[in-house]
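Student: Could we go through this model together? I would like to begin with a single chain and then look at how the chains pack.

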Amino acid sequence: MLARAVPLVLLVVAAIYLTLAVRLPFGTAARPGAGFYPVIVAIFAVGVALAATAGAFRGARGAEAVELAPDARRRVAISVAALIVFCLVLPWIGYPAAAFGFVAVVLRYLGARWTTALLAGVLSSAGSYGIFAVLLDVPLPRGPW
Amino acid sequence: MYIGNLMLLILNLPLVGLFVSVLRLPQHILATLVLLLCLVGAFSLSNSFLDLWVLVVFGVFGYALRKLRVDPSPLVVALVLGPMMEKTLRQALFLTQGSVVGLVARPLAGTILVFAAAALFGPPLMRLARAGRGSKAIAQGSSASD
Amino acid sequence: MGPLEGLAYGFSVALLPSNLFACFVGVLVGTIVGVLPGIGPVGAMALLLPSTFAMHPATALIMLAGIYYGAMYGGSTTSILVNVPGEAGSVVTLLDGYQMTRKGRAGAALTVAAVGSFVAGTVGVIGIMLAASWLADVAIQFGPPEYFAITLAGLLLLSRLSGGSILNAFVMVALGLALGTVGMDSISALRRFTFGSVQLAQGIELVPVIMGIYGVAEVLLLAEEGIAKTQIAGVKLRQLLPTREEWRRSTMPIARGSVVGFLTGLVPGPAAVLSTFISYTLEKKMSKTPEKFGTGMIEGVAGPEASNNGATAGAMVPLLSLGIPFSPATAILLGALVVHGLQPGPLMISQRPEVSGASSRVCTSAI
């Protein structure tokens with residue numbers, strides 16, 4: 001299923017890219033505009049994406065992904081969800097809280113006990129904040145407090 | 001300065017041991033920490049939330065590619081070389097007033113391109129040719145042995 | 001002052017205790033910062049640049065170069081150990097380096113990377129001395145069409161890096177090219193594909209992409225397993241060093257990598273990254289077992305690690321001889337020099353030999 005979905009998505013992306021690219025000023029061959037190169041790339045992209053999708057739907061050999069056990073799939077899904085949530089809440093609750101939450105949740109769902117997860121969360125959040133924000137002087141979002 | 005160099009080579013041996021001992025952490029803890037570090041690292045590059053999203057999106061995409069056993073390296077090469085390719089293409093076209101032939105006709109540029117085309121398309125073409133010759137030989141061999 | 005006297009003078013400056021110390025600090029800090037994923041050599045150098053303003057120019061250069069080298073080594077450390085590229089120049093290292101770690105040969109990989117980089121740096125110094133004046137002559141012949149030909153050729157050849165179907169490689173290439181067009185067009189200053197976002201107008205940064213595609217993807221794969229029964233193989237002290245066999249196999253890749261890297265550094269563009277791809281492809285072509293690349297071949301670590309150091313040295317040549325920085329890192333070095341009142345270029349070699357001599361010494365002072 002994945003082997004068909006990915007080329008299809010890429011084809012859609014390439015098509016969108018093409019429609020956007022032709023709207024850019026093309027210029028002439030002697031004075032290429034901003035759209036010149038993107039259009040070339042877009043045509044190439046649509047072409048290969050089409051070929052790949054066709055191949056996937058015709059059942060090209062060797063393209064099938066190995067199926068995953070349901071709890072493995074759940075672990076990956078949780079990890080991805082945690083990543084997305086982290087990016088979403090970071091501006092609101094600040095880095096230390098977000099980091100703590102991220103580590104604790106992911107560890108718990110990967111199979112650690114609550115104590116391990118929470119402890120690791122605190123340590124890693126504090127530690128990374130110390131290294132990046134304090135030592136290296138990198139501005140990390142601090143949140144409402 | 002070779003002294004300094006040697007000093008650092010010596011310094012690195014215990015460092016190597018230290019780094020490798022980090023691996024003794026349980027795999028799931030190590031994995032989570034690495035994820036966190038990636039998130040911070042990506043963000044702190046240019047203090048940009050966009051970089052964070054890029055990290056996550058391409059992380060998922062890279063995972064999908066790994067499951068499909070597709071190698072993402074050409075994407076990286078293209079991302080690195082693309083802008084330079086575009087810039088030089090436009091400058092070159094400007095130079096030759098739009099003539100593509102003029103581009104390739106220059107001795108240095110033309111040679112490089114021919115060489116690249118040969119290196120890229122040569123091996124598959126040769127394989128096809130050999131396969132064709134092979135089947136012909138089999139046909140001849142079988143007809144000869146009749 | 002001829003090249004040899006300059007070399008000797010440079011040595012005498014570089015061996016000053018204060019400079020040795022600066023180098024040591026630079027490399028140590030650089031390595032630690034480089035291990036953190038995402039912050040690469042350029043980031044490390046930029047962070048510490050202000051602290052070098054008070055130093056003597058030669059010392060400042062030495063420390064900055066030390067940071068650069070330390071950070072590159074740190075970047076390859078994370079590539080090898082956890083499959084996360086610390087920065088762009090370490091991407092190729094993870095292809096085989098991480099596999100070596102999974103087989104328990106992490107120490108060997110790290111050591112070979114360090115030694116290879118050291119050798120390449122040495123070769124690079126010799127190269128710098130020889131190439132500086134020669135470069136100006138060749139550079140004149142290269143115009144936009146030649147550069148275009150090189151980049152196109154490079155793209156076509158390097159896209160065959162890891163084998164696999166040509167169609168898949170082309171799909172990846174198309175995607176990469178398209179991503180590269182996002183942002184502000186360099187020639188006409190028009191915003192492309194930015195959907196009105198200010199952040200997108202700056203384009204898509206390379207480092208998050210590679211950290212995601214290689215690093216996060218790998219971690220997601222690990223996440224499938226949860227609490228794994230098997231750990232990445234534990235390491236005994238004796239196993240930390242490469243075996244004699246591994247040393248033997250690494251020699252030629254290191255030699256080739258150094259040369260390839262240096263030559264790539266001379267050409268404008270992202271030299272370090274490109275040189276690693278070129279070196280990896282070269283090693284694969286020269287190997288008797290190309291299909292084993294990607295499973296932990298030490299040649300795949302030795303060559304690229306040597307080449308990214310060679311590229312750094314090579315990139316110093318246009319900087320010192322023509323005053324043109326070809327990469328962000330050398331641009332920072334240029335900035336440091338200018339702050340100290342020096343204008344790199346043909347004049348610097350004759351007027352301030354101790355700086356140019358010492359700075360080429362720097363390439364060997366740091367791993």
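Tutor: Chain A contains five helices and zero strands. Please keep in mind that the model is predicted.

Student: Which pattern does chain A follow along the sequence?

Tutor: The order in chain A is α-α-α-α-α.

Student: How is chain A divided into domains?

Tutor: Domain 1 of chain A covers 2–57, and domain 2 covers 70–135. The C-alpha centres of these two domains are 37 Å apart.

Student: What percentage of the residues in chain A is buried?

Tutor: Of the 145 residues in chain A, 37% are buried. As for contacts in chain A with a separation of 6 or more, 53% of them join residues 24 or more positions apart.

Student: Turning to the neighbours, how many residues of chain B are in contact with chain A?

Tutor: On the side of chain B, 26 residues are in contact with 33 residues of chain A. The elements of chain B that give two or more residues to that side are α2 (27–46), α3 (49–67) and α4.

Student: Which of them gives the largest share?

Tutor: That is α2(B), with nine residues. By class, the side of chain B that touches chain A has 16 nonpolar, seven polar and three charged residues.

Student: What about α2(B) and chain C, at what angle does α2(B) pack with α9(C)?

Tutor: The angle between α2(B) and helix α9 (residues 206–225) of chain C is about 165°, and their axes are 10 Å apart. The two helices are therefore roughly antiparallel. The crossing of α2(B) with α9(C) is left-handed.

Student: Which residues meet there, in α2(B) and α9(C)?

Tutor: Among those in α2(B) are Ala31(B), Val34(B), Leu35(B) and Cys38(B), and those in α9(C) include Met211(C), Gly215(C), Val216(C) and Val219(C). This contact consists of 13 nonpolar, three polar and no charged residues.

Student: And α4(B), how far apart are its axis and that of α8(C)?

Tutor: The axes of α4(B) (residues 73–95) and α8(C) (residues 166–180) lie 7 Å apart, at an angle of about 40°. Here α4(B) passes α8(C) in a right-handed crossing.

Student: Which residues does α4(B) bring to α8(C)?

Tutor: Pro74(B), Leu75(B), Val76(B), Val77(B), Ala78(B), Leu79(B), Gly82(B) and Pro83(B) come from α4(B), and their partners in α8(C) include Ala169(C), Met172(C), Val173(C) and Gly176(C).

Definitions and conventions:
Residues are numbered from 1 along each chain as its sequence is written. Chains are lettered from A and ligands numbered from 1 in the order in which they are written. This is a predicted model: local features need pLDDT of at least 70, side-chain atom pairs count only at pLDDT 80 or more; totals for chains, interfaces and linings use all residues. Axes are lines fitted to C-alpha atoms, for helices over the stretch in contact, and angles run from 0 to 180 degrees between N-to-C directions. Helices (H or I, at least four residues) and strands (E, at least two) are DSSP runs, numbered from the N terminus. A crossing is left-handed if the near helix is turned anticlockwise from the far one by less than a right angle, and right-handed if clockwise. Two residues are in contact if their C-beta atoms, placed from the backbone, lie within 7 Å. Domain bounds come from an automatic or database domain assignment. Ala, Val, Leu, Ile, Met, Phe, Trp, Tyr, Cys and Pro count as nonpolar, Asp, Glu, Lys and Arg as charged, and the others, Gly among them, as polar. A residue is buried if 20 or more other C-beta atoms lie within 10 Å of its own, exposed if 12 or fewer, and partly exposed in between; C-beta atoms are placed from the backbone. Angles under 35 degrees count as roughly parallel, over 145 as roughly antiparallel, 65 to 115 as roughly perpendicular and the rest as oblique.
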